Amino acid sequence: MLEKIAKYPFLKDAKKWVEESGVSVQDILYDRAYERTRIRGKERLRNAMDKADIGESGLATEPECVTEILSYPIARMLATCVNDPYLNGRYSLAEARHAYKNLGEEPTSFIMDVAKEFDVDLEVGEDLKIHFTDYLKYSPTWSDKWKLVNRPLKKGRIEISKMNGARLIQEALRKRIYSEIIDARPSKEMMDVFKKEILMIKNELMMREEEEVTTGEASVAKFPPCMKKLLGAVQSGMNVPHVGRFALVAFLHSIGLKSEEILGLFSTSPDFNEGKTRYQIEHITGKISSTEYAPPQCQTMRSWGICFGKDELCKKINHPTSYHKERWKSVKKKKDEK
Amino acid sequence: MKRKIEFLKEKFAEYYSNPNIEFPDRFSTRECGFLFFDRGSMLRHLSFSTEKELFQFLKERIPAHSYYSSAYYENPGAPTMEKKGWNGAEIIFDLDADHIPGAEKMNYEEMLGEVKKEFRKLIEDFLMRDFGFDIEEMKLYFSGGRGYHCHIINEKVIKMGNRERREIIDYISGIGLDERGIFHERIIDTKMYGKKVYPSSKRLEMPKPNEPGWKGRVSRWIIEFTEKLYQMKKEGKKEGAIDYLLKFEGIGEKGAEKFLDELSDDRVKRIKLGILDQSSGIRKIFLKEAVKRSAIDLSTGKADEPVTTDIKRLIRLPGSIHGKTGLKVEKVTIDGLKDFDPLIDAVVFGDEPVKVKIVRPTKIRMKKEKFNLNVGEIEVPEYLAVFLVGRGNAVINSISH
């Protein structure tokens, strides 16, 4: 039982266990006995940033399990304190992916229970069955395998395997953790206790951004809002519609990124499949097809539903690449003035 | 032009003085938009909280085209989408003659017939069989123009976003279908070379026709098509069969002939069991044709303008009349669809004779009466006059009171 809730510390049972254990927030934050718990909490976040998974921790003994359970609220509190969109996406994805790995080993009945907690409407038949609306809500439909057209839809329901069920729960969990972190407000006490850690993580995130910004000609800071958002979404593993991926690749290509570099940017996505992504990229960039696709113009982006709102510069241009050019021009101008 | 507008306005005013309109559900949360006979741009961002208000508006303003939003809003009358506050939207499938191959060569009546056939396929084969929608969740309308609309009102569907709606469209249009999931190569014999086993004989298999989703659909089409060709062959209509096969993309005369020659009782039986024994070339043609002919073309032709995925579009108001035909946006039941004839059932105007000048020869059957009209002045029933003038096939010289 304890091992189970240590593996899935987001479940109601885990919450109940923490309440009944009598451990207070004060204890976790200050007590020396929970030093190891606090370290593991930070580790969850660090692993999330590095490898989009919170990482393994021993669960052989009771104290180890307790550490794992309590480190989960610590990690979430920390994420709330840092309040960085990239980290939020990355961390919720890491927790969800970790759970997915474990869920694959569980019996179907357990998967059903977890699905129920996440309002994923699964039904057991010979296989699992799911209503297509729930299926669409949580499935990575940009991948061929997951497209509805390739699924056995009958009377509104789709038969899926146990692993597929676990994958849908992964997405439901990611969405839930993400929105809970965003909705939570950090307390002053937490900010004080984790002062050092918060600063460290913030600095690290900033450094990472700089690193990304200096990738060749592509300065992410100079991207139009649509492309910034699409790139962020792809990297943090959100469901990005096919048209969004297409627009992003075509855009990155048009501003001079090589296929390898684009591939690099996509590689942080979960479900990342190098062969397939490479194929898609090379198709769009004209390397393996006779057509080289130009990125869509603003009007098309809007009709595809992937223009997420304009900023001041957007109002003056009608093509995402013009936005990027304008930004570079203004940088040059400033330099010249100096 | 002025006379045309006057005439149509007068007739529409008669209808809107006592219209037959079913007040749509949650109407006060929807946005309305109108086009007028004598004004270019659309008047939108309107909302009506009562039936009376709406009817009053129609009576006073006599719009040529009336629309309402498939979406429900917090403030439907607000000028921008942000301020409107989206609260979900019906899914609307819009089938129009534009989607029918060869429609440009058909007359209005033929076009409507073809669209209806496609529409029934959409309803029965996709929305009911696959998506499992109940009869009560689907509202069907003749559009008053060249097509049909199906509104889905289902709590789970209403909240779906663009990405999810796109998947539904792709499903119905057969976009993104993966061939590998449909045809299988089965190894039926092996040979040993030294200590290793190699396949020596393979055969191509397809899913059972009753399998759910596209798998069964593709097989059903292939079986139906093979039976049809075999029937033609047995009846000695070999040339017709070859002509039919030649319409397929990627098949030549030799290929068609070979395929037909090999068709036999045994062969058809094997195909029914799912055994294809065909080269991979033929398999591609099979799949492509099966998808093309069993899918429904829902996009407007422009890949970047998916109709059903648009969660904030306007759709014709049921019970209103279409400014270019004078026909009513008429509700149809699923059972009634088979016998529904828009040129009888969606006609609202009377039989009084009206003098018009035909400018484009027109053949049409309306209210069971056949008209074969050549250029020149003629008296026709009022319903036909409105139709002809609306479509620009006739002009009006004087208004008869």
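This is a predicted model: local features need pLDDT of at least 70, side-chain atom pairs count only at pLDDT 80 or more; totals for chains, interfaces and linings use all residues.

- The largest share comes from α5(A), which gives six residues to the lining of the second largest pocket.
- Sorted by class, the lining of this pocket has 19 nonpolar residues, eight charged residues and two polar residues.

**Cavities**

- The structure contains four cavities of 30 Å³ or more.
- The volume of the largest cavity is about 60 Å³.
- Residues of chain B line the largest cavity, namely B:E22, B:P24, B:D25, B:R30, B:Y68, B:E90, B:K139, B:Y141, B:H151, B:I153 and B:P318.
- By class, five residues of the lining of the largest cavity are nonpolar, five are charged and one is polar.

**Extent of the interface**

- At the interface, 25 residues of chain A are in contact with 26 residues of chain B.
- The two chains bury about 2,100 Å² between them, and 57% of this area is on carbon and sulfur atoms.
- Within chain A, the residues that lose the most area to chain B are A:L136, A:V149 and A:L153, which together account for 26% of what that side buries.

**Salt bridges and polar contacts**

- Four salt bridges are found across the interface of chain A and chain B.
- A:K147 and B:E167 form a salt bridge in which the closest N and O atoms are 3.0 Å apart.
- Across the interface of chain A and chain B, 17 residue pairs are in polar contact, with both residues at pLDDT 80 or more.

**Make-up of the chain A side**

- The elements of chain A that give two or more residues to the side touching chain B are α8 (132-138), β3 (153-154) and α16 (298-303).
- Five residues, the largest share of that side, come from α8(A).
- The side of chain A that touches chain B has ten polar, eight nonpolar and seven charged residues.

How values were computed:
Residues are numbered from 1 along each chain as its sequence is written. Chains are lettered from A and ligands numbered from 1 in the order in which they are written. Side-chain values use heavy atoms; hydrogens and water are left out. Contact means heavy atoms within 4.5 Å. Buried area is the accessible area (1.4 Å probe) that two parts lose on being put together, summed over both. A salt bridge is a side-chain nitrogen of Lys or Arg within 4 Å of a carboxyl oxygen of Asp or Glu. A polar contact is a pair of N or O atoms within 3.5 Å; within protein, one must be able to donate a hydrogen and the other to accept it, and residues adjacent in sequence count only if both atoms are side-chain atoms. Helices (H or I, at least four residues) and strands (E, at least two) are DSSP runs, numbered from the N terminus. Ala, Val, Leu, Ile, Met, Phe, Trp, Tyr, Cys and Pro count as nonpolar, Asp, Glu, Lys and Arg as charged, and the others, Gly among them, as polar. On a 1 Å grid over the protein atoms alone, a cavity is a set of points where a 1.4 Å probe fits but cannot get out, and a pocket is an open set with protein on both sides within 12 Å along at least five of seven lines; lining residues have an atom within 4 Å of a point. Grid points are joined across faces, edges and corners, and a volume is the space filled by probe spheres set on the points.
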